[in-house]
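Work through the exercises below with the structure in view. Try each task before you read its solution.

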Amino acid sequence: MAVRGAGNTVVTYNSQNITAYLNSAELAAAVDELESTNLASTVMEYAPSLANYTLSLEGDWSKALDDILGVDALTPTRRACSIKVTDETGAWAQYAWTQAFITGYNISIGSTEKVSHSPTLRLSGTPTRTTGSS
C-alpha cells in the first residue's frame, strides 16, 4: 500500500522538530565500492566499502526555519538529526545520527514564485535504526 508523506514523517535537527517547514525530504544512502579484481578474475569484481548518508530537504522558506538551519549553514556545526517514517498500520522506522552538518543551504527566489529553501545535510557515521508501532 502507498503511504503519503504528510502526517507520516518527522524530521528533527538539533532536537527541534522541523517537519512543519518541509514539503519533502529524501534520505539517501550510498555504499562505496572497492574494486577487487585479481589476475584470476574473468570479470570485474567488487566488494562493499564505506556507506555515506545525506538528507535533502525542501520547503517554503520561513524565518523560523532560517533561525534553525541558516545559522549553522554559515558556521558549520555538528548536530543530532533524525527522520522517522510511519506506514499505514502505524509501524515506523527511525534513522538517527548524533552528528550531522549542513553541506548546502539554498534559498530560491522568483518574482512569481514562492520563496523556498533546499538544505542538504551530511549525516556522519552509522545511523541508529529503531522501529516500533503506534
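**Exercise 1: A polar side chain inside**

A polar contact of 2.6 Å links the side chains of Asp 72 and Tyr 13. Such a contact is a pair of N or O atoms within 3.5 Å; within protein, one must be able to donate a hydrogen and the other to accept it, and residues adjacent in sequence count only if both atoms are side-chain atoms. The model is predicted: local features need pLDDT of at least 70, side-chain atom pairs count only at pLDDT 80 or more, and totals for chains, interfaces and linings use all residues. Residues are numbered from 1 along each chain as its sequence is written, and side-chain values use heavy atoms, with hydrogens and water left out.

Task: Is Asp 72 buried or exposed?

Solution. 
- Step 1: Find Asp 72 in helix α1, residues 63-74. Helices are DSSP runs (H or I, at least four residues) and strands likewise (E, at least two), numbered from the N terminus.
- Step 2: Read its relative accessible area, 4%.
- Step 3: Apply the cut-offs: buried is under 20%, exposed over 50%, partly exposed in between (1.4 Å probe, protein chains only). Asp 72 is therefore buried.

**Exercise 2: A second partner**

Task: Which side chain makes a polar contact of 2.8 Å with the side chain of Asp 72?

Solution. 
- Step 1: List what Asp 72 touches, not counting residues up to four places away in sequence: Tyr 13, Thr 77, Arg 79 and Ile 102. Contact means heavy atoms within 4.5 Å.
- Step 2: Pick the partner: Arg 79.
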